[in-house]
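Subject: Structure for your review

Hello,

Here is the structure I said I would pass on. My notes on it follow below.

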Amino acid sequence: MESQKFTSLVSDRKVWFSMWFLSAIVTFGVAFFPMIYRLIENRNRHFKKEELIREQVTNYLQSQNKTVPKTNHQQREINAKIWTAAILLVFPVFIITYLLSKDLVLHEAEQEKFLAQVFPERIFMTQTIPIKTYVILTIVTLGFGVIYWLYKIVNQYNAHYKAHLQVEKKLSSLMEEKKVDQYRV
């Protein structure tokens with residue numbers, strides 16, 4: 001039986017909120033357009049990459065005659081161009097921040113369930129994102145809280161990407177290790 005080789009994927013691109021925020025101040029808000037676009041595109045790219053990794057891990061587990069973890073939630077792609085253009089109306093910024101937060105929470109919960117079935121030890125810790133608190137903060141501050149919420153979202157996605165890179169390295173080494181063991185037999 002031929003073993004599957006784990007495709008090493010490139011790290012996700014980080015977004016530096018401070019750079020974008022300062023640029024937005026200098027450009028009277030124009031820099032928020034590319035920031036929102038990049039946030040959404042990075043999210044979409046990461047979720048596509050995650051699907052490829054799940055397929056590879058599933059194939060690997062099947063080749064090892066192990067049970068394949070089941071996942072429930074399928075992340076849908078968000079159209080970055082439409083949502084970025086929609087922030088001209090201001091209100092969609094609140095929807096985008098909510099969707100980005102909710103998607104990360106769901107994604108991490110599914111990823112933790114999936115990885116718990118692959119690794120006996122816990123290698124991925126989900127982040128807590130108090131969405132209700134951010135919504136209340138945004139309402140109380142008459143919308144200005146969304147800036148802090150965006151800041152937190154950017155940091156949480158960056159932390160997720162960093163943790164995910166470590167998971168990819170562990171998956172890669174596990175698959176390579178098992179492949180070597182298989183050839184020794």
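The largest nonpolar core has 27 residues, and Met35, Ile36, Leu39 and Leu150 have the most contacts inside it. A nonpolar core here is a set of buried Ala, Val, Leu, Ile, Met, Phe, Trp, Tyr and Cys residues joined through side-chain atoms within 4.5 Å. Buried means under 20% relative accessible area, exposed over 50%, and partly exposed in between, with a 1.4 Å probe and protein chains only. Helices H1 (17-26), H2 (32-63), H4 (91-118), H5 (131-140) and H6 (145-184) each supply at least two residues of this core, and the largest share, 7 residues, comes from H6. Helices are DSSP runs (H or I, at least four residues), numbered from the N terminus. A second, separate core has 11 residues, among them Tyr60, Leu61, Phe114 and Leu115.

This is a predicted model: local features need pLDDT of at least 70, side-chain atom pairs count only at pLDDT 80 or more, and totals for chains, interfaces and linings use all residues. Residues are numbered from 1 along each chain as its sequence is written, and side-chain values use heavy atoms, with hydrogens and water left out.

Leaving aside residues up to four places away in sequence, Met35 touches Val15, Phe17, Trp20 and Leu150; contact means heavy atoms within 4.5 Å.

Next, the pairing of H1 and H2. Their axes come within 9 Å and cross at roughly 150°. That makes H1 roughly antiparallel to H2, a label for angles over 145 degrees. Axes are lines fitted to C-alpha atoms, for helices over the stretch in contact, and angles run from 0 to 180 degrees between N-to-C directions. On the H1 side, Phe17, Trp20, Phe21 and Ala24 meet Phe32, Pro34, Met35 and Arg38 of H2.

What about the charge on Arg38? Arg38 is buried yet has no salt bridge, and Glu41, the nearest side chain of opposite charge, is 9.8 Å away. A salt bridge is a side-chain nitrogen of Lys or Arg within 4 Å of a carboxyl oxygen of Asp or Glu. For charge, Lys and Arg count as positive and Asp and Glu as negative, while His and the chain ends are not counted. With residues up to four places away in sequence not counted, Arg38 touches Arg13, Lys14, Val15 and Trp20.

Finally, two backbone entries. Phe28, in the loop between H1 and H2, has a positive phi near 55° and counts as exposed at 78% relative accessibility. Leu142, in the loop between H5 and H6, has a positive phi of about 55° and counts as exposed at 76%.

Regards

Notes
Angles under 35 degrees count as roughly parallel, over 145 as roughly antiparallel, 65 to 115 as roughly perpendicular and the rest as oblique.
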